[in-house]
Amino acid sequence: MNKALFIANIKSTYKIWIIFFLILFMYNSITLSMFDPDSTAEMQALYDMMPEAMMKAFGFSIFDPTLLGHMASFFYGFIIILFPLIYTIMLSYKLVAKYVDSGSMAFLLSSPNTRGKVIITQIITLLSSIILLLLSVIAVGVTFSIILFSGLLDIGGYLLLNLGAILLYFAISGITFFCSTYFNEGKNALMFGIGIPVGFFLVNMLRNVDEQLNFLRFFTIYTLYDNQLILQNSSIIWFHFLALFAIGVICYLLSIKIFKTKDLTL
């Protein structure tokens with residue numbers, strides 16, 4: 001890893017990281033404050049008032065009277081899927097394709113830095129940034145649950161829910177980073193870097209709305225992040241987690257190989 005490049009990356013991306021942290025902090029704290037352990041019937045009534053199709057589309061299909069179930073539906077069903085996705089797409093593009101477009105990659109590779117060292121540094125920057133963002137979500141969730149509802153949060157289940165989120169974004173970031181590495185032109189890298197994960201997102205929304213579209217689960221990576229299975233502590237979820245990890249590893253290894261051998265428009 002190139003320490004100077006890593007620090008430069010952090011300096012150029014920390015502001016956007018803070019913005020997304022504040023967004024997730026706001027939604028996380030609001031979602032927790034909405035929970036009322038003494039009025040589950042009222043919560044069920046409120047849930048039933050909402051249009052069923054909309055609730056399913058946005059991942060709010062789990063009604064569980066526990067605090068963990070509440071968070072799994074109203075925060076991890078949609079918010080944790082949408083906002084870190086936007087952040088991941090932006091950062092993946094910025095760390096490789098934008099460097100090429102701006103000419104900064106030519107400067108980096110004209111120095112003693114090898115291609116391998118440069119691309120590994122960019123991968124470490126991307127992963128450390130995403131993982132830190134999601135770890136901050138865990139910290140906020142645990143802290144607020146202790147303050148507001150001491151003893152009501154299933155910490156083990158909550159950590160499992162977040163482990164799944166981290167592995168989901170390990171896989172998605174691998175895909176977006178691969179797109180940023182594979183294409184020389186920034187517009188193509190951005191088009192596919194946005195199109196593939198957003199396509200998965202939209203397919204997942206469609207299959208949630210109608211059971212007849214459940215076959216679409218085979219065409220979206222979000223099938224591997226199933227909150228219901230996590231709440232049930234199903235053993236199947238570990239195979240899903242392994243698949244997400246494998247997708248991420250394969251995409252990052254391919255990114256390294258391609259970047260080290262391809263012709264770059266510098």
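Modeller: Before we look at packing, note that a helix here is a DSSP run (H or I) of at least four residues and a strand is a run (E) of at least two, both numbered from the N terminus, while an axis is a line fitted to C-alpha atoms, for helices over the stretch in contact, with angles running from 0 to 180 degrees between N-to-C directions. This is a predicted model, where local features need pLDDT of at least 70 and side-chain atom pairs count only at pLDDT 80 or more, although totals for chains, interfaces and linings use all residues. Residues are numbered from 1 along each chain as its sequence is written, and side-chain values use heavy atoms, with hydrogens and water left out.

Colleague: Okay, how many helices and strands are in the chain?

Modeller: The chain has 12 helices and zero strands, and its pattern along the sequence reads α-α-α-α-α-α-α-α-α-α-α-α.

Colleague: At what angle do H5 and H10 pack?

Modeller: Helix H5, residues 79-95, packs with helix H10, residues 186-209, at an angle of about 160°, and their axes are 10 Å apart. This makes H5 roughly antiparallel to H10, a label for angles over 145 degrees, where under 35 is roughly parallel, 65 to 115 roughly perpendicular and the rest oblique. H5 passes H10 in a right-handed crossing, meaning that the near helix is turned clockwise from the far one by less than a right angle, and a left-handed one is anticlockwise.

Colleague: And which residues of H5 and H10 meet?

Modeller: From H5, Ile81, Leu82, Leu85, Ile89 and Tyr93 meet residues of H10 that include Gly186, Leu190, Gly193 and Phe201, where contact means heavy atoms within 4.5 Å. By class, the contact of H5 with H10 has 10 nonpolar, two polar and no charged residues; Ala, Val, Leu, Ile, Met, Phe, Trp, Tyr, Cys and Pro count as nonpolar, Asp, Glu, Lys and Arg as charged, and the others, Gly among them, as polar.

Colleague: How does H5 pack with H8, then?

Modeller: H5 and helix H8, residues 115-148, also pack at about 160° with axes 10 Å apart, which makes H5 roughly antiparallel to H8, and H5 passes H8 in a right-handed crossing. Among the residues making this contact are Ile80, Pro84 and Tyr87 of H5 and Gln122, Thr125 and Leu126 of H8, and by class the contact has 10 nonpolar, five polar and no charged residues.

Colleague: What about H4, how many of its residues are buried?

Modeller: Helix H4, residues 67-74, is mostly covered, with seven of its eight residues buried, including Leu67, His70 and Ser73. In the chain of 266 residues, 48% count as buried.

Colleague: And Leu242, buried or exposed?

Modeller: Leu242, found in helix H12, residues 236-261, counts as exposed at 54% relative accessibility.

Methods
Buried means under 20% relative accessible area, exposed over 50%, partly exposed in between (1.4 Å probe, protein chains only).
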